Amino acid sequence: MNVFREAPQGIQTAPHDPRIVAAGYLVSVREVDLSRVRDKESLMLAFLRGLALTESFGRNWDALYDVLTDPNARPARFALVLCDYEHFRKRHRQLGAELERVLLDAQREAAAQGRSLWLLAEERESDPRHW
C-alpha cells in the first residue's frame, strides 16, 4: 500500500525507501532522527536539524506547529519521516504524547489550508545504547 495515494491521516508507517516513493508523487521529504532524544530540548534540536531550521527557531511546541503549518516554510505536499519513532515513544511517553498532539494538530491545519502533511514513523535497527 502506498501512503502517498491517500490523504494524510494520522501517523502512518513509513514505506520502504520513503524518499524514492515520495518522489514519484511529488512529495518533499525531511527526516527527523529521534534516536538520541533525551528531553524536550534535544527533541527540538532534532527538529531543528531535520527540518534544516535556523537558530532563530523558538524550540517550543508553538514554534514547531508554526514551522509545520507555514505555507512559506513547507511545500504543499510534505512528508515528515520520524526515525526511531516507536522507540522514542516508549522511552518518553509524556514527551511523545505532547509531540503527537502537535504533529496531528499541524496535519489537520495543513489539510484545512488545502495542503498535505504526511507523518511517517520509521523504525531503525534496534540499538540498545539508545534505550
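A residue counts as buried under 20% relative accessible area, as exposed over 50%, and as partly exposed in between. The model described here is predicted.

By that cut-off Arg 108 is exposed, because its relative accessibility is 53%. Asp 105, at 26%, is partly exposed. The side chains of these two residues form a salt bridge, with N and O 2.4 Å apart. Both belong to helix H5, where they are three residues apart, about one turn of the helix.

Helix H5 (residues 93-112) also packs against helix H3 (residues 61-69), with an angle of about 30° and 9 Å between the axes. The crossing is right-handed. On the H3 side the contact includes Trp 61, Leu 64 and Leu 68, and on the H5 side Leu 99, Val 102 and Asp 105 are among the residues involved. The contact residues comprise nine nonpolar, one polar and three charged.

Strand S3 (residues 77-83) has six of its seven residues buried. Strand S2 (residues 28-33) pairs with S3 in the parallel sense over six bridges, and S3 pairs with S4 (residues 116-122), again parallel, over seven bridges. Cys 83 of S3 is the bridge partner of Asp 33, and in S4 its own partner is Glu 122.

The whole structure holds six salt bridges. One of them joins Glu 31 to Arg 19, at 3.7 Å between the closest N and O atoms; this pair connects strand S2 with helix H1 (residues 18-23) across twelve residues. Another joins Arg 91 to Asp 84 at 3.4 Å, N to O. Here Arg 91 is partly exposed at 22%, whereas Asp 84 is buried because its 6% falls under the 20% limit.

Methods
Residues are numbered from 1 along each chain as its sequence is written. This is a predicted model: local features need pLDDT of at least 70, side-chain atom pairs count only at pLDDT 80 or more; totals for chains, interfaces and linings use all residues. Side-chain values use heavy atoms; hydrogens and water are left out. Buried means under 20% relative accessible area, exposed over 50%, partly exposed in between (1.4 Å probe, protein chains only). Helices (H or I, at least four residues) and strands (E, at least two) are DSSP runs, numbered from the N terminus. Two strands pair if DSSP finds at least two bridges between them. Axes are lines fitted to C-alpha atoms, for helices over the stretch in contact, and angles run from 0 to 180 degrees between N-to-C directions. A crossing is left-handed if the near helix is turned anticlockwise from the far one by less than a right angle, and right-handed if clockwise. Contact means heavy atoms within 4.5 Å. Ala, Val, Leu, Ile, Met, Phe, Trp, Tyr, Cys and Pro count as nonpolar, Asp, Glu, Lys and Arg as charged, and the others, Gly among them, as polar. A salt bridge is a side-chain nitrogen of Lys or Arg within 4 Å of a carboxyl oxygen of Asp or Glu.
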